[in-house]
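Me: I want to go through the packing and pockets in this one. Please start with the terms, then I'll ask as I go.

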Amino acid sequence: MTEKKIVMLCGKGFSTNAVYHAINAVYPITKVVIEEKVNTKEFLKRRIKKLGFITVAGQVMFQAIVVRMLDAASKKRKVQLLNELQLDSSDIPATVVSHVPSINDEAVITLLQQMQPDLVIVNGTRIISKKVLGSVQCRFINTHAGITPRYRGVHGTYWALVNKDAENSGVTVHLVDAGIDTGSVLYQAVVKPSAKDNFVTYPMLQLAAGIPLLKQAVADALGNTISTRKGTEDSRLWSHPTIWQYLYNRIFKQVK
């Protein structure tokens, strides 16, 4: 029997490493394509055009001040979670990695067409173009840190807790389409943070809950037994909190 080919399209970072090691231990991954980070200046220009200067300024302040403080205060908790959740954050072997400027680069299309993978796993990339998605005849699967479609975008658990919607604090494994986290749902799981957790540790809990679901989705895809299920009734796209939103929610809603 011919070995199935699995390609990862991803951004560089902790979650990509953890996903690679967890899946590769069961289903060998043939190639990992890592894109460069979006140019900060261009990213901010697009954000300001979409959300306005005041909102984006508040988001930048949140990232620059609050997230750094939370990171520093959560070092022990992160180490504890790494051990408890058995997340392997070590580097991916360089022999399987290719670097590209963007996941939508022509080089990615060429690579995919040459490899003809049986499955593409997506993790932490910018929105993938229709051209890339249509370049090969296989499924693209993503793990999203939120229950979709109610918590599309970013920080699904944080926003669910802010909304007193703990039953929809969780993670989704879904098929990838040209929208933002709008693909058909394959699996979902609820995440329950402890009092020790906060904005910077919620994603670790979601990742750990999502990996077993992703393993099952990979098995389904390779066995051609994928079935989709209904997500939440409502749909909304969420962004990063501003510094004043975070402070308000922490003081009045006790959401860290």
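Reply: Contact means heavy atoms within 4.5 Å. This is a predicted model, where local features need pLDDT of at least 70 and side-chain atom pairs count only at pLDDT 80 or more, while totals for chains, interfaces and linings use all residues. Residues are numbered from 1 along each chain as its sequence is written, and side-chain values use heavy atoms, with hydrogens and water left out.

Me: OK. What does Leu214 touch, if I skip residues up to four places away in sequence?
Reply: Leu214 touches Val19, Ile23, Ile121, Ile141, Thr143 and Val173.

Me: How many residues are in the largest nonpolar core, and which have the most contacts inside it?
Reply: The largest core has 34 residues, and those with the most contacts inside it are Met8, Val32, Ile121, Ile141, Leu186 and Leu214. A nonpolar core is a set of buried Ala, Val, Leu, Ile, Met, Phe, Trp, Tyr and Cys residues joined through side-chain atoms within 4.5 Å. Buried means under 20% relative accessible area, exposed over 50%, and partly exposed in between, with a 1.4 Å probe and protein chains only.

Me: Which elements give two or more residues to this core?
Reply: They are β1 (6-11), α1 (14-24), β2 (31-35), β4 (119-123), β7 (170-175), β8 (185-190) and α8 (202-222). The largest share, nine residues, comes from α8. Helices (H or I, at least four residues) and strands (E, at least two) are DSSP runs, numbered from the N terminus.

Me: What other core lies apart from it?
Reply: Another core has 18 residues, among them Val33, Val132, Leu133 and Cys138.

Me: Val33 again, then. Where is Leu111, and what does it touch beyond four places in sequence?
Reply: Leu111 is in helix α5 (residues 106-115), and it touches Lys31, Val33 and Ser98. Leu111 counts as buried because its relative accessibility is 16%.

Me: Back to α1. How many of its residues are buried?
Reply: Eight of the 11 residues of α1 are buried, so the helix is mostly covered. The buried ones are Thr16, Asn17, Ala18, Val19, Tyr20, His21, Ala22 and Ile23. They pack against β1, β2, β4 and α8.

Me: Thr16 is a polar one in that list. Which backbone oxygen lies 2.6 Å from its side chain?
Reply: The backbone oxygen of Gly11 lies 2.6 Å from a polar atom of the Thr16 side chain. Leaving aside neighbours within four places, Thr16 is in contact with Met8, Cys10, Gly11, Ile92 and Asn123. Thr16 counts as buried because its relative accessibility is 1%.

Me: And Thr157, buried or exposed?
Reply: Thr157 is buried because its relative accessible area is 1%. Thr157 sits in helix α7 (residues 156-162), and a polar contact of 3.0 Å joins its side chain to that of Gln206. A polar contact is a pair of N or O atoms within 3.5 Å; within protein, one must be able to donate a hydrogen and the other to accept it, and residues adjacent in sequence count only if both atoms are side-chain atoms.

Me: New topic. What lines the second largest pocket?
Reply: Its lining is Ala18, His21, Ala22, Leu85, Gln86, Leu87, Asp88, Ala208, Ile211, Pro212 and Lys215. α8 gives the most, with four residues. On a 1 Å grid over the protein atoms alone, a pocket is an open set of points where a 1.4 Å probe fits, with protein on both sides within 12 Å along at least five of seven lines; lining residues have an atom within 4 Å of a point.

Me: How much space lies in it, and what is the lining by class?
Reply: About 160 Å³ lies in that pocket, where a volume is the space filled by probe spheres set on the grid points, which are joined across faces, edges and corners. The lining has seven nonpolar, two polar and two charged residues. Ala, Val, Leu, Ile, Met, Phe, Trp, Tyr, Cys and Pro count as nonpolar, Asp, Glu, Lys and Arg as charged, and the others, Gly among them, as polar.

Me: Last, the backbone. Which peptide bond is cis?
Reply: The bond from Thr148 to Pro149 is cis, with omega near 0 degrees. Pro149 is in the loop between β5 (139-144) and β6 (152-153).

Me: Where does Lys164 sit, and what about its phi?
Reply: Lys164 is in the loop between α7 and β7, and has a positive phi of about 55 degrees although it is not a glycine. Most residues other than glycine have a negative phi. Lys164 is exposed because its relative accessible area is 65%.
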